Amino acid sequence: MLGLEGFLVPFMSIELIFFVALGVFVGIYIGAIPGLSVTMAVSLLLSFTFTWDVFPALALMVGIYVGGVYGGSRSAILLNMPGSPSAVATGLDGYPLARLGEAGKAMGLATTMSAIGTFFGIVILALASPLVADLAIRFAPRDYLLLALMGMLLVGSLSRGSLAKALLVAAIGILVGLVGMDPFTAEPRLTFGVPRLLGGISFVVAMIGLFGLSEGLYQLHYKIAPVKQKIDRIVPDMKLVLKNLPLALRCSAIGTLIGALPGTGGDIAALMAYDHAKRTVKNPSRPFGEGAWEGVVAPEAANNAAIGGAFIPMMTLGIPGDSVTAVLIGALMIHGLRPGPMMMKEQPEFFWMMVGALVLANIFLYIFGMTGIRMFSRIVEIPKAVIIPIVIVLSTVGSYTINNNVADIYWMIAFGVLGYFLKMYGYPLAPMVLGVILSPLIDANYRRAMALEHGDIGAFLSSFVTNPLTAVLLLFTLFMLLSQVDWKTKIGALRQRFSK
Amino acid sequence: MEEERVRSGEIYFLGAMLLLLAAVLREAAELRGVFQGVPAGAGSLAQIMGVGAILLVIGLAFQTRHEGRSSFTGMIRYLFSGDVVMLLLAVIVYGLIMANLGFAISTFIFLLGTMFLLDRSNLRQKAIISLGTVVTIVILFTFLFEVVLP
């Protein structure tokens with residue numbers, strides 16, 4: 001293979017090994033702190049690495065990317081406050097595991113599955129880049145719309161109890177996501193004439209308030225006591241890893257494909273993988289939402305596999321797969337490189353160098369991911385009177401740093417109070433985050449698809465069955481919808497009715 | 001389990017949601033969208049979601065109505081314990097004083113105040129933890145990541 005020698009470049013240079021390791025280490029801790037995003041960290045790095053050689057600069061950025069995506073799981077498991085949007089799904093079962101005293105083992109399993117997911121994504125990046133890129137580029141707006149609708153079907157998976165309550169929360173999430181300036185016409189939308197709302201409401205702010213502040217209020221209300229952690233074992237049991245390996249591989253495949261689609265990333269990948277686990281695992285270790293190991297395995301494998309996926313359109317087509325790869329494209333351009341088909345042809349060694357850096361980052365991810373777990377686990381044992389105020393301060397700082405805007409702090413408080421009320425009345429919070437995340441994707445692609453058919457609803461609907469790729473996606477969406485119905489019970493009830 | 005407890009006052013909560021969503025729908029209806037016969041308009045999704053959410057609230061309100069009536073004071077008692085009210089007030093005051101006192105001082109006061117009000121023992125230890133937290137955050141964000149603090 002042309003340029004394959006580039007793969008070994010990061011392994012042969014002490015300098016590059018050091019920068020990848022440093023990046024992963026810093027990335028894990030940046031990812032764990034809500035409000036410090038990987039995109040922000042990589043963007044900041046641009047300012048002081050543009051005078052460096054291209055390889056060390058990229059090694060550091062790739063390390064931060066890989067470490068940061070994983071790091072979000074730590075605060076999700078320990079505090080139910082996801083450090084990054086891609087860790088929202090991890091908290092659904094990770095936090096109950098911490099409440100059961102198994103935070104250490106949960107973080108160990110999350111590390112292992114993240115490493116497996118990253119590795120899977122890299123393998124697909126190396127072996128099937130042109131193929132996956134070709135598939136991703138064929139996606140039309142109606143396909144993205146279907147993908148977003150598939151995402152909305154996760155509402156059922158993300159909730160226990162009343163589906164109506166989950167749907168209501170998701171609808172509110174979509175409405176929140178629509179606030180701001182319309183990206184197509186630049187007219188104010190749902191801003192109530194308030195200019196401050198033109199910039200929209202950041203979903204990270206909503207997420208921090210919903211999961212951080214509301215959790216603090218809820219724990220105080222019910223006087224939930226700190227839980228003593230069992231940290232005798234961090235490296236997960238081989239039996240547990242092997243048992244969950246098929247699920248991890250399936251979720252890695254989902255993550256890689258979602259990651260390869262421009263505009264989607266680890267957050268949607270993790271939620272879809274969680275839904276997949278909930279549908280396919282017949283006998284989970286515990287019920288989902290109550291500390292099932294499978295609920296940690298699926299999102300952690302998927303969100304890290306999305307990294308390899310996001311690199312595919314970036315390297316082969318020059319299109320960013322997510323916000324971090326968009327910044328990475330900027331970094332490459334600063335260094336006089338333009339990723340895309342020509343670079344793959346003229347400088348293939350560069351592609352392989354990136355693959356090598358990702359493999360190296362994955363090795364360090366496992367090493368550093370397994371360190372500090374004992375210390376981190378102790379966070380859950382800190383008295384509530386001490387930890388809750390600290391979590392609120394971190395939530396405040398995290399909300400402010402998104403746009404350097406004090407108004408975001410007030411939004412965080414508002415979402416925190418709303419989240420608390422919702423929790424108290426048994427409304428699930430995750431569908432709201434799902435709604436806010438998917439809202440721009442649904443809105444933009446629905447309107448693009450409709451505009452392509454000149455606003456003709458009949459033509460819009462028929463376009464879903466006349467295009468082969470869309471038809472396949474539609475069938476898949478219908479299958480997902482129908483699989484939510486408990487057919488066994490329904491058929492049983494019908495049989496009983498007829499037998500009477 | 002919390003889910004098994006009686007959720008007093010859900011009907012009031014749904015009433016508040018209904019008012020809020022009605023206001024949102026009114027705002028959405030002013031945009032070009034499905035209501036105006038422009039399916040690809042800026043307000044289409046907001047109008048569809050607004051109507052859907054209001055219908056869901058009404059449906060849930062009917063469901064809740066069957067679960068029996070609850071008083072307003074019952075709802076207040078259910079939602080707000082002393083600690084929750086104290087923390088909420090502290091958070092709001094923290095958000096307000098931050099603009100005047102700056103991040104470091106307001107955060108120290110908030111941390112020490114809430115920690116002490118939630119557990120009135122060992123003030124010295126709490127002061128040290130509060131100070132340590134502020135210093136760590138300032139060093140981490142301002143000097144290491146060059147992130148502007150409030």
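User: How many Å separate the centres of domain 1 and domain 2 of chain B?

Analyst: The two centres, taken over C-alpha atoms, are 36 Å apart. This is a predicted model: local features need pLDDT of at least 70, side-chain atom pairs count only at pLDDT 80 or more, and totals for chains, interfaces and linings use all residues. Residues are numbered from 1 along each chain as its sequence is written, with chains lettered from A and ligands numbered from 1 in the order in which they are written.

User: Where do the domains of chain B run?

Analyst: Domain 1 covers 2–79 and domain 2 covers 82–144. The bounds come from an automatic or database domain assignment.

User: What pLDDT does chain B average?

Analyst: Chain B averages 87, and 91% of its residues score at least 70. pLDDT is the predictor's confidence in each residue, from 0 to 100.

User: Which residues of chain B fall below 50?

Analyst: Residues 1–5 of chain B do. Beyond near neighbours in sequence, that stretch has two contacts in the model. A contact means two C-beta atoms, placed from the backbone, within 7 Å. Where pLDDT is low, the predicted coordinates should not be read in detail.

User: And which helices mark the highest and lowest confidence in chain B?

Analyst: Helix α1 (residues 10–29) of chain B is highest, at 94. Helix α3 (residues 72–79) of chain B is lowest, at a mean of 83.

User: New topic. How many helices and strands are in chain B?

Analyst: Six helices and zero strands. Both are DSSP runs numbered from the N terminus: helices are H or I, at least four residues, and strands are E, at least two.

User: Is chain B spread out or compact?

Analyst: Chain B has a radius of gyration of 23 Å, well over the 15 Å from the globule rule for 150 residues, so it is more spread out than a compact globule. The radius is taken over C-alpha atoms, and the rule is 2.2 Å times the number of residues to the power 0.38. Along the principal axes, the C-alpha atoms fill a box of roughly 60 × 45 × 25 Å.

User: How many residues of chain B are in contact with chain A?

Analyst: 51 residues of chain B, meeting 50 residues of chain A.

User: Which helix gives the most to that side of chain B?

Analyst: α2(B), with 11 residues. α1, α2 (44–65), α4 (82–101), α5 (103–118) and α6 (123–144) of chain B each supply at least two.

User: What ipTM does the model score?

Analyst: ipTM is 0.90, with pTM at 0.77.
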